[in-house]
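Visitor: Walk me through this structure, please. I would like to learn how to read its features one at a time.

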Amino acid sequence: LNGAGVMSLALILAILIPIGFTSAYEHRKEPYYQMISDREFADFNWIRDNLDVRYDRALLDPWLALTYPPVADRVIYTHGAVIPGSERAERTEQAIEFFDLGGIDNKWLDANDISVVYSQIDLDNPGLAKVRDNIYVRRK
C-alpha cells in the first residue's frame, strides 16, 4: 500500500470503529428473542432446582411452554407452534380448555401424566398444591 492507501484505510477505520462501538452499546439491552419474562425465567429455574424428578411433565400456556424445557430441563405436555401437526393441535386445544375451565380437571391431568402446572391465574383445585406463585404440583 502506498501513502494514500494507508491514509484511506486509517480514515475508514477511524469512522467505522466508533460507529460499531456506539451501535453495539446502544443495542446491548434490546430484548432480542426474549420470549419469556425475567419472572418466568426465574420460576422455571426454581422448578428445575427445587422439584425432584417425580415432577417431570408440565402443563403451561402453549405459547409459553416452548421455552420451558431448555430452562427447567423438564418435559411439557404440548406447545404452541405456527403450523402444528394434528396431534399437537389437539393437545394445544385441550391445554387451553383446561385453563379456560379454571384448571379443575384432575382426571385429565392424571390421564396425561401431568405433575406440574404453571399458571398465571390462580387455580382452585384440591388436587394441586401451590408451592410458589404460579407453580402448582399434583398432590401425590
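**Reading the features**

Guide: Phe44 and Tyr118 are both buried. Buried means under 20% relative accessible area, exposed means over 50%, and partly exposed is in between (1.4 Å probe, protein chains only). This is a predicted model: local features need pLDDT of at least 70, side-chain atom pairs count only at pLDDT 80 or more, and totals for chains, interfaces and linings use all residues. Residues are numbered from 1 along each chain as its sequence is written, and side-chain values use heavy atoms, with hydrogens and water left out.

Visitor: How many aromatic pairs does a search of the whole structure find?

Guide: Start with the rule. Rings of Phe, Tyr and Trp (its six-membered ring) pair if their centres lie within 6.5 Å; planes under 30 degrees apart count as stacked, over 60 as edge-to-face and the rest as tilted. The search finds five aromatic pairs. Phe44 and Tyr118 form one that is edge-to-face, at 5.3 Å centre to centre with 75 degrees between the planes. Phe44 sits in helix α2 and Tyr118 in strand β3, so this pair ties together parts 74 residues apart in sequence. Helices (H or I, at least four residues) and strands (E, at least two) are DSSP runs, numbered from the N terminus.

Visitor: Why is the pair of Tyr77 and Trp108 edge-to-face?

Guide: The ring centres of Tyr77 and Trp108 are 5.1 Å apart and their planes are at 75 degrees, so the pair counts as edge-to-face. It links distant parts of the chain: Tyr77 is in the loop between β2 (75–76) and α5 (86–100), and Trp108 is in helix α6 (residues 106–111), 31 residues apart. Tyr77 counts as buried because its relative accessibility is 3%. Trp108 is buried too, with a relative accessible area of 15%. Ring pairs also link Tyr77, Phe98, Phe99 and Trp108 into a cluster.

Visitor: How far does helix α2 reach from its first C-alpha to its last?

Guide: The general idea: the expected span of a helix is 1.5 Å times one less than its number of residues. Helix α2 (residues 38–50) has 13 residues and reaches 18 Å, close to the 18 Å expected. Helix α1 (residues 3–27) has 25 residues and reaches 36 Å, close to the 36 Å expected.

Visitor: Which residues of α2 are buried?

Guide: They are Glu40, Asp43, Phe44, Asn45, Trp46 and Ile47. What covers them includes α3 (62–65), α4 (68–72), β3 (116–118), β4 (128–132) and β5 (135–138).

Visitor: What is the nearest side chain of opposite charge to Glu40?

Guide: Rules first. Lys and Arg count as positive and Asp and Glu as negative; His and the chain ends are not counted. A salt bridge is a side-chain nitrogen of Lys or Arg within 4 Å of a carboxyl oxygen of Asp or Glu. For Glu40 the nearest opposite charge is Arg39, 8.4 Å away; Glu40 is buried yet has no salt bridge.

Visitor: What polar contact joins the side chain of Glu40 to another?

Guide: A polar contact is a pair of N or O atoms within 3.5 Å; within protein, one must be able to donate a hydrogen and the other to accept it, and residues adjacent in sequence count only if both atoms are side-chain atoms. The side chains of Glu40 and Gln120 make one of 2.5 Å. Gln120 lies in the loop between β3 and β4. At 53% relative accessibility, Gln120 counts as exposed. Contact means heavy atoms within 4.5 Å. Leaving aside neighbours within four places in sequence, Gln120 is in contact with Glu40, Leu64 and Asn134. Not counting residues up to four places away, Glu40 touches Leu64, Tyr118 and Gln120.

Visitor: How many salt bridges does the count come to?

Guide: By the rule above, nine salt bridges. One of them joins Glu87 and Arg91 (3.7 Å, N to O). Being four residues apart in helix α5, Glu87 and Arg91 are separated by about one helical turn. Glu87 counts as exposed at 55% relative accessibility, while Arg91 is partly exposed at 24%. Lys130 forms another with Asp133, the closest N and O atoms being 3.9 Å apart. Salt bridges that share partners join Arg39, Asp43, Asp122, Lys130, Arg132 and Asp133 into one network.
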